[in-house]
Amino acid sequence: MTMCISLSARPSNNGTRFHNHLYEQLGLNWIYKAFAPTDLAQAIAGVRGLGIRGCAVSMPYKEDVIALVDVMDPSAKAIDSVNTIVNDGGTLTAYNTDYTAIEQLLRRNAVPTDYSVWLLGAGGMAKATAAALRDAGFRNVTVIARNEEAGRALAGLYGFAWRADVDPSGTADMLINVTPIGMAGGPESEALPFPQEAIDAAKVVFDVVALPAETPLVKAARAAGKQVITGSEVATIQALEQFVLYTGIRPGDEQVRAAEEFMRAQ
């Protein structure tokens, strides 16, 4: 049996259900498990030493894990953020499929590139999102992060603006949350990352948080009649690309839809 795992401070069943459902559909003798490591270095050493084939990496480890891998694929090296590790005989190669997911969703939803954007957050997922925005042609982007060093660095890397806090009297055409605000099990699980006034004035609301599928921000945006892009959509695309990296198999569209439905039915 071949094993894949995920590492997160607050593990969800999303990846577990998605990958295991595809393994079953395709008749693969594989299994996927989610873990919350108490020591990241020891966890990655376990991936190497136990021959675990693949390892998904979630908040807050997407940058810390860089020092623990052997090879950085261009997809991860370009943005210094990792969400996927593939183990080839003890050699750990890091990838980033978050970028792919964000890029695809911006394109699928036909978000105009002249929209102004507020990007809330400055961690690993924010890097992937900022890179996808820049590469898609967005220019009027403001990174909002209380950590001035991280916020300014991210904004400067992609030619965007930075501010420490959300402007309570302002808004943007598209609001993107890439922080844990609204994440199930977290201290701010019931909180809104943006003021209701900003949500009401926006045109598109994008919450990268995948658990729950209907975050407080997603619910507020739907109630306000906004175009909504959800974290569960991000989770599906990035997990599919991880599956391909791990197995070398690209499932058919119907198989992916079935796995996605199974994942969301939890």
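Student: Ser81 first. Buried or exposed?

Tutor: This is a predicted model. In it, Ser81 has a relative accessible area of 0%. The cut-off for buried is under 20%, so Ser81 counts as buried.

Student: Where is Ser81 found?

Tutor: In the loop between α3 (74-77) and β5.

Student: What does the side chain of Ser81 reach?

Tutor: The backbone oxygen of Gly124, at 3.1 Å.

Student: And which residues does Ser81 touch?

Tutor: Leaving out residues up to four places away in sequence, Ser81 touches Lys62, Ile66, Ala76, Tyr95, Asn96, Gly124 and Met125.

Student: How many bridges join β4 to β6?

Tutor: Two, and the strands run parallel. β6 covers residues 91-95. For Val71, the bridge partner in β6 is Thr93.

Student: Staying with α9: at what angle do the axes of α4 and α9 cross?

Tutor: Roughly 130 degrees, and the axes come within 8 Å. Helix α4 is residues 98-108. The two helices are therefore oblique to each other. Their crossing is right-handed.

Student: Which residues make the contact?

Tutor: From α4, Asp98, Thr100, Ala101, Ile102, Gln104, Leu105 and Arg108. From α9, Glu233, Val234, Ile237, Gln238 and Glu241.

Student: Next, the sheet with parallel pairing. What's the order there?

Tutor: β9-β8-β7-β10-β11-β12, again an open sheet of six strands. β9 (161-163) and β12 (227-229) are the edge strands, each pairing on one side only. Ignoring direction, neighbouring strands are turned by 20 degrees against each other on average.

Student: Let's look at β10. How many bridges does β10 have with β7?

Tutor: Four, in the parallel sense. β7 is residues 117-120 and β10 is residues 174-177. Leu119 has Ile176 as its bridge partner in β10, and Leu120 stands opposite Asn177.

Student: And how many bridges join β10 to β11?

Tutor: Four, with the strands running parallel. Met174 stands opposite Val204 in β11.

Student: Which β10 residues are buried on each side?

Tutor: Met174 and Ile176 on one side, Leu175 and Asn177 on the other. Both faces of β10 are covered. As background, side chains in a regular strand alternate between the two faces of the sheet.

Student: Last one. Which strands do α6 and α8 lie across?

Tutor: α6 (residues 148-158) lies across β8 (141-144) and β9, at about 165 degrees to β9. α8 (residues 216-223) lies across β10, β11 (204-207) and β12, at about 165 degrees to β11.

Methods:
Residues numbered from 1 in each chain as written. Predicted model: local features only at pLDDT ≥ 70, side-chain atom pairs only at ≥ 80, totals over all residues. Heavy atoms only, no water. Pairing = 2+ DSSP bridges. Axes fitted to C-alpha atoms, helices over the stretch in contact; angles between N-to-C directions. Contact = heavy atoms within 4.5 Å. Buried < 20%, exposed > 50% of the residue type's maximum accessible area, 1.4 Å probe, protein only. Polar contact = N/O pair within 3.5 Å; in protein donor to acceptor, adjacent residues only side chain to side chain. Parallel < 35°, antiparallel > 145°, perpendicular 65-115°, else oblique. Left-handed = near helix turned anticlockwise from the far one by under 90°.
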